[in-house]
Amino acid sequence: QVQVVESGKGLVQPGGSLRLSCVASGTIFRIDTMSWYRQTPESEREWVATIEAGGTTYYAEPVKGRFSISRDGAKTTMYLQMTNLKPEDTAVYYCNVAARETSSSRPMPYWGQGTQVTVSS
């Protein structure tokens, strides 16, 4: 089993910055991708950014140039550095990990519990 825990929730003013963290632990043979999603009460969960095992990154258009996704050397911790935050970035941010528990298993998705980000003056 794989556990995923996010941290870094906060209230920031427009134009401010915040960094979120995501830690994956448990029975992990390999993590293929780590991603961030976000959701508000009024919308469905939307994809924000992804980082592959090799380090290639992808971003949704609304956050390009403002958010940066990265992983640590052990590749079980992921970060989302958010800058120039806007009120429309307010949401619960979720970490998603596509991980294999053994060398022969397929990657399975694991979700964290979410962390609240509020951008308001």
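This is a short tour of one protein chain, to be followed in a viewer.

The model is predicted, so residues are numbered from 1 along each chain as its sequence is written, local features need pLDDT of at least 70, and side-chain atom pairs count only at pLDDT 80 or more, while totals for chains, interfaces and linings use all residues. Side-chain values use heavy atoms, with hydrogens and water left out.

**Stop 1: the whole chain**

Show the chain as a cartoon. It has 11 strands and zero helices; here strands (E, at least two residues) and helices (H or I, at least four) are DSSP runs, numbered from the N terminus. The radius of gyration is 14 Å, close to the 14 Å of the globule rule for 121 residues, so the chain is as compact as a globular protein of that length. This radius is taken over C-alpha atoms, and the rule is 2.2 Å times the number of residues to the power 0.38. Along the principal axes, the C-alpha atoms fill a box of roughly 50 × 25 × 20 Å.

Colour by accessibility next. Of the 121 residues, 40% are buried; buried means under 20% relative accessible area, exposed over 50%, and partly exposed in between (1.4 Å probe, protein chains only).

**Stop 2: a sheet of four strands**

Select S1, S3, S8 and S7. In that order these four strands form an open sheet with antiparallel pairing; two strands pair if DSSP finds at least two bridges between them. S1 (2-7) and S7 are the edge strands, each pairing on one side only. On average, neighbouring strands of this sheet are turned by 15° against each other, direction ignored. The angles are between axes, which are lines fitted to C-alpha atoms (for helices over the stretch in contact), and run from 0 to 180 degrees between N-to-C directions.

Now keep S8 (77-82) in view. S3 (residues 18-26) is joined to S8 by six bridges, and Arg19 stands opposite Gln81 in S8. S7 (residues 67-71) pairs with S8 over five bridges, also in the antiparallel sense. Ser70 stands opposite Tyr79 in S8.

**Stop 3: two positive phi angles**

Most residues other than glycine have a negative phi. Select Lys75, in the hairpin of S7 and S8, where five residues lie between the strands; Lys75 takes a positive phi near 65°. Move on to Asn84, in the loop between S8 and S9 (91-100). Asn84 is not a glycine, yet its phi is positive, about 45°. Its relative accessible area is 42%, so Asn84 counts as partly exposed.

**Stop 4: Thr50**

Select Thr50, in strand S5 (residues 46-52). Is Thr50 buried or exposed? With a relative accessibility of 13%, Thr50 counts as buried.

Show the side chains around this residue. The side chain of Thr50 makes a polar contact of 2.7 Å with that of Ser35, and another, 2.7 Å, with the side chain of Trp47. A polar contact is a pair of N or O atoms within 3.5 Å; within protein, one must be able to donate a hydrogen and the other to accept it, and residues adjacent in sequence count only if both atoms are side-chain atoms.

Leaving aside neighbours within four places in sequence, the residues in contact with Thr50 (heavy atoms within 4.5 Å) include Thr33, Met34, Tyr58 and Ile69.
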